[in-house]
Amino acid sequence: MADVTNELIHEVLKGIKDRLSKIEDSQGDIREELIGVRLHMHAKQGEINSILSRTSAIKSWLTKIERRLDIIGEPAE
């Protein structure tokens with residue numbers, strides 16, 4: 001009876017080991033995908049920062065143009 005119990009325990013542990021190995025493989029795949037998502041997110045953040053910078057520069061240029069138009073638009077006496 002003890003031999004059967006030991007064999008059963010061995011089989012159960014072997015199954016657990018196999019399942020744990022599959023979980024570790026899946027975890028590695030998920031980690032790689034997460035790294036890809038992070039890299040993509042950082043790239044998009046860089047693009048957003050670039051757009052914000054350009055928008056700020058355009059606003060500054062518009063302000064200068066508006067000032068010039070106000071000065072030019074005054075009637076000459």
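Being 3 residues apart in helix H1, Glu47 and Lys44 are separated by about one helical turn. These two residues form a salt bridge in which the closest N and O atoms are 3.4 Å apart; the term denotes a side-chain nitrogen of Lys or Arg within 4 Å of a carboxyl oxygen of Asp or Glu. A search of the whole structure finds 1 salt bridge. Glu47 is partly exposed, with a relative accessible area of 42%, and Lys44 is partly exposed at 39%. Here buried means under 20% relative accessible area, exposed means over 50%, and partly exposed lies in between (1.4 Å probe, protein chains only).

The model is predicted, so local features need pLDDT of at least 70 and side-chain atom pairs count only at pLDDT 80 or more, whereas totals for chains, interfaces and linings use all residues. Residues are numbered from 1 along each chain as its sequence is written, and side-chain values use heavy atoms, with hydrogens and water left out.

The chain as a whole has 1 helix and 0 strands. Helices (H or I, at least four residues) and strands (E, at least two) are DSSP runs, numbered from the N terminus. Helix H1 covers residues 2-72. Of the 77 residues of the chain, 0% count as buried. The accessible surface of the chain comes to about 7,600 Å², and carbon and sulfur atoms account for 60% of that area; such areas come from the Shrake-Rupley method with a 1.4 Å probe, and for residues only the protein chains shown count as cover.

Two surface patches deserve attention. Patches are made of residues with over 30% relative accessible area and no salt bridge, like charges being joined within 9 Å and nonpolar side chains (Val, Leu, Ile, Met, Phe, Trp, Tyr) within 5 Å. Glu24, Asp25, Asp29, Glu32 and Glu33 gather in a patch of negative charge. Within this group, Glu33 is placed in helix H1 and counts as exposed at 58% relative accessibility. A nonpolar patch is formed by Ile58, Trp61, Leu62, Ile65 and Leu69, which together have about 510 Å² of accessible area. Ile65, found in helix H1, counts as partly exposed at 42% relative accessibility.

Thr63 also lies in helix H1. A polar atom of the Thr63 side chain lies 2.9 Å from the backbone oxygen of Lys59. Thr63 is partly exposed, with a relative accessible area of 33%.

Terms used: Lys, Arg positive; Asp, Glu negative; His and termini not counted. Charge placed at Lys NZ, Arg CZ, Asp CG, Glu CD. Polar contact = N/O pair within 3.5 Å; in protein donor to acceptor, adjacent residues only side chain to side chain.
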